[in-house]
Amino acid sequence: MARKRSRRPVGRIAEVRVTIFFLVMAFLFSLLAGRALLVQGIDAGSNAEKAAAMLRHKEILKADRGVIVDRNGTVLAETQPAFQVIADPYSISTNGRDPSSMTEEQKDTAARAPRAIAEIAARYLGGDPADYLNKIKDPMDADGNRRQYVLLARKVGAAIYQQMVSELTAQGWFGIYSAPDPIRFYPNGTLASNVLGFVNHENEGAAGLEYSQNAWLTGTDGSQIYQSSSYGQIPLGESALVEPVDGAAYQLTIDAEMQYMAETELASAVASHKARSGTAVVMAVNSGEVLALANYPSFDSNDPATGKEGDLGNRAVTDAYEPGSVQKVLTMAALIDAGVCNADTKVEVPSRISSGDGYVTDAWSHGTLYMTARGVLARSSNVGTVLLARQIDKSTLRNYLSSFGLGTSTGIELPGEAGAGMGTLPDASMPDYARDQISFGQGLSVTALQEAAAVAAVTNGGTYHAPKIIASARTAEGEDITVPRQEPRQVISKEASGQVVNMMEASIASPEMTTLDANKIPGYRMAGKSGTAQKIGRYGNYDGGYTGSFVAVAPAEDPKILVYVVIDEPTDGYYGSQVAFPATRELMMQALPRYGVAPTANISPYADPLSYEP
Amino acid sequence: MSALATPLDESPRTERPLLRLVPQVGGRRINIPWVPVVILVLIACIAGVLVFTTTIQTQQAELNRLQQEAAQLSYQEAALQAQVQNLRSSRNLASRAYEMGMRPNPHPAFIQMPDGTVAGDPTPVTGDELGGMVPAEVIEANAVAAARTKAEEEARLKAEAKARASASTVPTHQGPSATPSQEATAAASGQG
């Protein structure tokens, strides 16, 4: 039988203590339970999110800018992998270790780290080790915050960066990171630099095709999301990849080797005649494709900062000038097609003719000469041309010239045509003396590209093809990009075109011209026209120097290639036949066999008359 | 009277247990200790998962390592490709060919297949057909050399003129200025 005992005071106290103890424990446990409930039950989502965020990293995968190749596949512009080199001075100061748990030896190593890293960086990246040391030696900034991001170098080639990193890792130095910073690389240096243009530091197009096609050339960056801790990437962690989409790839009509020839010949011509600048255009007449577009002086697209500002553009597209006697080809084409005259029309050419307030004379003084229209063109008589041009009304002539593409942009895919690059063509209400002037190439302005396309239209059978420089373009997914183009249009008849080519051939091949064999190309019949235009000087008079040019097409029996060389302000000689013809002839000699035009064995001598007996 | 001593249904009743042992039918009794077995299976499965996960993670680490290696090799390849393209560029080839003494041949000759007829006149190159095709680097190098030679010549002539002027008793205006220009022309045509 249980004995009911009276509770002793000690037992009572013990009981109370136990009760209190249990109450306290219960309270603490309830706190813990509440906290657990809070963490796991109520805030579960945001806590998990915070934890994941500390682990999650996002890396931008840069897209490659579209590659540009020439008509034969030679790479003209491409992207090279490269990095920005970034230093973390705080990490460098502790050599990557946790500062609260470093041994003495590790602290010694960390103290030596900045100097060693600066020396390695200078060796691979160039420059002075002291400069790098200045950037990385302070782990804290003025406000007491950690410095963890200092840019040491940009656009460091990937292979070089990799070598630097392996040396840093081998020696145990931490704190150098990278971010992708690809380089736009032009393997051919100065070749076609004016056409290709260049990019700025952010790889955005700043000139040339890089600028005009920038939207297509720029790809879409991708990203990679992965999880990593301080021990490295978590292998089975979250991983999401958005592939970068590279820019569109372009194939140009430019032929890299023809471009090299054009640039070399142009440089020789400008240097030997001590001229200010020059342009050269080589074009396929039956399609308007630009095979070469050279400018001198030029620059290196890889390093546009070293070029002079005036040389960074494309003069052949942006600079308009008065074309001079080359324009007579277009005038004659209009006249013949309009039925006003033909190649054998007899023209009695006086020594001068009054026009406006003054007189039009020829480049050489003569008495009255009896020339055929062919002779007027071959000998480049201004007076004869004016006499013939006065037989057509101004609006008809103006319409022909406009239909040949003068006075408007050609629509070529290069920037800079708007404004000055459209040239100037007086409208149909021009005064008579203006019509006289434009018939022999003064009083209007054209760009080299415009004039080349116009002469191509005259000589190819009369069809105007808008000049083009992009052969095709394809996106990274394989879709073709359609480039908007003008439709070809018939400007003059085939017969008229044939007659003009015949007239042009006379200036090179006719026995009645004084210089004979030296001008011809062995094995081929070439037709051409020289141009010597006066430039307007500072005070509005025609005393500002000359523009010497020459246009040639070959083979004369069925023209395929056109070469047009323009030399601006030559000082050692100034006639087009002196300063531009040698380069034109040599370019044509190299172009014809290059594009598979077979030579003819026996070329019968040129027999059509340039003059007549009165 | 019958022979039976007692009727069957009147047999003496003794106290018998109501339950009795059921005779065993069939084989022996299987005596498996279930708890240890289940625990063992559990341990085996956990070990299996551990091995499986570790293998995957090892392979993933290997994959990462190989991807890094591939990236590094692609950087080296890109650098070498850039070198190759630079060396293959027309400028580079043309100037190296020029240095080796090659000159461009503007006399085309075509062999028409399949019969082998030759169109054009194959002519050996004399080297001066295309004077405008001298590579720009060669022109620049020549210009630099010519400028240096000219500067040296002028310096030499100035020194001579000075010596002559101080030596002659009556310095004439004609003498020092006429002689240097003649010498300069002779020197220039000799150098040219």
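pLDDT is the predictor's confidence in each residue, on a scale from 0 to 100. In the present complex, which is a predicted model, this score stays under 50 over residues 175–192 of chain B. For that stretch the model has nine contacts beyond four places in sequence, a contact being a pair of heavy atoms within 4.5 Å. Helix α4 of chain B (residues 174–191) has the lowest mean pLDDT among the elements of that chain, at 43. The highest mean, 92, belongs to helix α1 of chain B, which covers residues 34–88. Over chain B as a whole the mean pLDDT is 80, with 77% of the residues at 70 or more. For the complex, the predictor gives an ipTM of 0.76 and a pTM of 0.82.

The interface between the two chains brings 31 residues of chain B into contact with 32 residues of chain A. About 2,800 Å² is buried between chain B and chain A, and carbon and sulfur atoms account for 65% of this area. On the chain B side, the residues that lose the most area to chain A are Y75(B), R91(B) and M133(B), which together make up 21% of what that side buries. Zero salt bridges are found by the rule across the interface of chain B and chain A.

The second largest pocket has a volume of about 1,100 Å³. Its lining comprises 39 residues, and those nearest the centre of the pocket are S325(A), A363(A), S380(A), T532(A) and Y575(A). By class, the lining residues of this pocket are 16 nonpolar, 19 polar and four charged. Several elements of chain A each supply at least two residues of the lining, namely strands β19 (358–361), β25 (527–534) and β26 (546–554) and helices α16 (432–439), α18 (494–509) and α19 (576–579). Of the elements, β25(A) gives the most to the lining of this pocket, with five residues.

In chain A, the peptide bond from Y296(A) to P297(A) is cis, with omega near -5°. P297(A) falls in the loop between β15 (289–296) and α11 (315–318) of chain A. In chain B, M113(B) and P114(B) are joined by a cis peptide bond with an omega of about 5°; P114(B) is placed in the loop between β1 (109–112) and β2 (117–120) of that chain. K155(A), a residue other than glycine, has a positive phi, near 50°, and is located in strand β5 (residues 150–157) of chain A.

Definitions and conventions: Residues are numbered from 1 along each chain as its sequence is written. Chains are lettered from A and ligands numbered from 1 in the order in which they are written. This is a predicted model: local features need pLDDT of at least 70, side-chain atom pairs count only at pLDDT 80 or more; totals for chains, interfaces and linings use all residues. Side-chain values use heavy atoms; hydrogens and water are left out. Helices (H or I, at least four residues) and strands (E, at least two) are DSSP runs, numbered from the N terminus. On a 1 Å grid over the protein atoms alone, a cavity is a set of points where a 1.4 Å probe fits but cannot get out, and a pocket is an open set with protein on both sides within 12 Å along at least five of seven lines; lining residues have an atom within 4 Å of a point. Grid points are joined across faces, edges and corners, and a volume is the space filled by probe spheres set on the points. Ala, Val, Leu, Ile, Met, Phe, Trp, Tyr, Cys and Pro count as nonpolar, Asp, Glu, Lys and Arg as charged, and the others, Gly among them, as polar. Buried area is the accessible area (1.4 Å probe) that two parts lose on being put together, summed over both. A salt bridge is a side-chain nitrogen of Lys or Arg within 4 Å of a carboxyl oxygen of Asp or Glu.
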